[in-house]
Amino acid sequence: MDRWVSEGADAVRRDSWSLHAVRKAVDDMDESLHARVILHGIVELMAAAHVVDVDLLAPRLLAYGHALDLEGRFALAVDTLRAVIGFVDPEIHADVAVDAHMRLGFCLRMLGTLEEAAEAYGTAGRLAQLMGDTARILRARVADGKLALARGNLPAAAMILDETVHAATGNPGLAELRSSALHDRAAVAFAAGEHEAAVHFAFAALEGATRQVARDRVLADLATMFIQLGVRDAARDALVLLSVNAEEQYTRWMALINLMELSALERAELPFEQYRRTLADAALPADLATQYALHVGLGYHTFGRRAASVKALEAALLLARQHDFHQISYQAERALQALRRQDAPVSTTAIPAGHRPERVAPPASIQPVTTAIRRLRDLSGVG
């Protein structure tokens, strides 16, 4: 692609050996990967073109970048998305440029490089303002809210997301965006300890979500909330469903981390170890790697493995500090302090052990949500 752009359209056709090698490499990819179809289209476009037409190439590259982040391959997605940004003229194709910067910001955030993510989101917002595109402007604001949450600034995150929800309410064309903002608002409420309110925000997000990826993410966060509320059966229903059927690799990993946490809460060491080993060699992005280390440390303490617990919690603290994950840093620090005092560590929401929510029936206010998730699991046939 670089040669096609810099040397001209004939560069690909002239080098028949390289063209054959690239085609074979694409053909050898797993047929189930969506990226295989996209790459095939990119290669054949360049092979057939008589002139370099970046306008045709850029949307395909953007689709490839999205396919990569769905697989959890964020570093390669960043490289691809930066190529898109480098090729397109934002004055001519502002929509592609905005979308590329938004995807880039997401992938950078998943890699834990928050300052670079903020720069990408900021560029997307400025381009959207120049376009006068309300949906893209609000989408960039939602991203600002996500960054504020990642940095631990909960009041700022709540304010940004409340404003976005209000701006999108009543506009059918912004229903999906409103759902996304509500989902992030649920995460803010949960981080603030407002757990039942978080469930209500998330349920509203679930009702408004139309894309499978968005629904998966809401279910994943609802499962986390149910764990905190002690509604463990509903949590397991959602997590088992997600660990098998979620569209994104990221969501499947998150479901496994939460199943590991749930096993520790229930003192079920065998499933805890099974989930831990499944995740141990996975190429987890920075935020999930940090959460994984935190849950491993807390779980090891539950099962009486103090030295291993300290080692995992120290790893979680190091990762959290490296990537400015302030909330997890606080949780890991408190857990380590408690361990060093020979006390039980705090839970993942900074509630002292001994006060973790016991298994309870779902409160009446959230029973419609738990019933819907049980129905989804039953219909899916997942054991």
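User: In this predicted model, is E266 buried, partly exposed or exposed?
Analyst: In this predicted model, the relative accessible area of E266 is 24%. Buried means under 20% and exposed means over 50%, with partly exposed in between. E266 is therefore classed as partly exposed.

User: Which residue meets the side chain of E266 in a salt bridge?
Analyst: Side chains of opposite charge can pair when their charged atoms come close. For E266, the N to O distance in the salt bridge is 2.4 Å. The partner lies in helix α14, whereas E266 lies in the loop between α15 (249-265) and α16, so the pair ties together parts that are 30 residues apart in sequence. The partner of E266 is R236.

User: What separates R236 and D233 along helix α14?
Analyst: R236 also forms a salt bridge with D233, and the closest N and O atoms are 3.6 Å apart. R236 has a relative accessible area of 24% and D233 one of 44%, and each of the two is partly exposed. Both belong to helix α14 (residues 232-245), where they are three residues apart; the separation is therefore about one helical turn.

User: How many residues apart in sequence are the parts that the pair of D237 and R377 ties together?
Analyst: D237 forms a salt bridge with R377, with 2.9 Å between the closest N and O atoms. D237 lies in helix α14, and R377 lies in helix α20 (residues 367-380). The parts tied together by this pair are therefore apart in sequence by 140 residues.

User: Are D237 and R377 buried or exposed, and which residues join them in one network?
Analyst: The relative accessibility is 3% for D237 and 14% for R377. Because buried means under 20%, D237 counts as buried, and R377 counts as buried too.

User: How many salt bridges does a search of the whole structure find?
Analyst: The pairs of R236 with E266 and of D237 with R377 are salt bridges. A search of the whole structure gives a total of 26.

User: What kind of aromatic pair do F272 and Y300 form?
Analyst: A search of the whole structure finds four aromatic pairs. For F272 and Y300, the centres are 6.1 Å apart and the planes are at 65 degrees. Planes over 60 degrees apart count as edge-to-face, so the pair of F272 and Y300 is edge-to-face.

User: Which helices hold F272 and Y300?
Analyst: Both residues are buried. The pair ties together parts that are 28 residues apart in sequence, because F272 lies in helix α16 (residues 269-280) and Y300 in helix α17 (residues 286-302).

User: What span should helix α19 have?
Analyst: Helix α19 (residues 326-340) has 15 residues, at 1.5 Å a residue. The expected span uses one less than the number of residues.

User: What covers the buried residues of α19?
Analyst: The buried residues of α19 include I328, A332, L336 and L339. What covers the buried residues of α19 includes α17 and α18 (306-322).

Notes
Residues are numbered from 1 along each chain as its sequence is written. This is a predicted model: local features need pLDDT of at least 70, side-chain atom pairs count only at pLDDT 80 or more; totals for chains, interfaces and linings use all residues. Side-chain values use heavy atoms; hydrogens and water are left out. Rings of Phe, Tyr and Trp (its six-membered ring) pair if their centres lie within 6.5 Å; planes under 30 degrees apart count as stacked, over 60 as edge-to-face and the rest as tilted. Helices (H or I, at least four residues) and strands (E, at least two) are DSSP runs, numbered from the N terminus. Buried means under 20% relative accessible area, exposed over 50%, partly exposed in between (1.4 Å probe, protein chains only). Contact means heavy atoms within 4.5 Å. A salt bridge is a side-chain nitrogen of Lys or Arg within 4 Å of a carboxyl oxygen of Asp or Glu.
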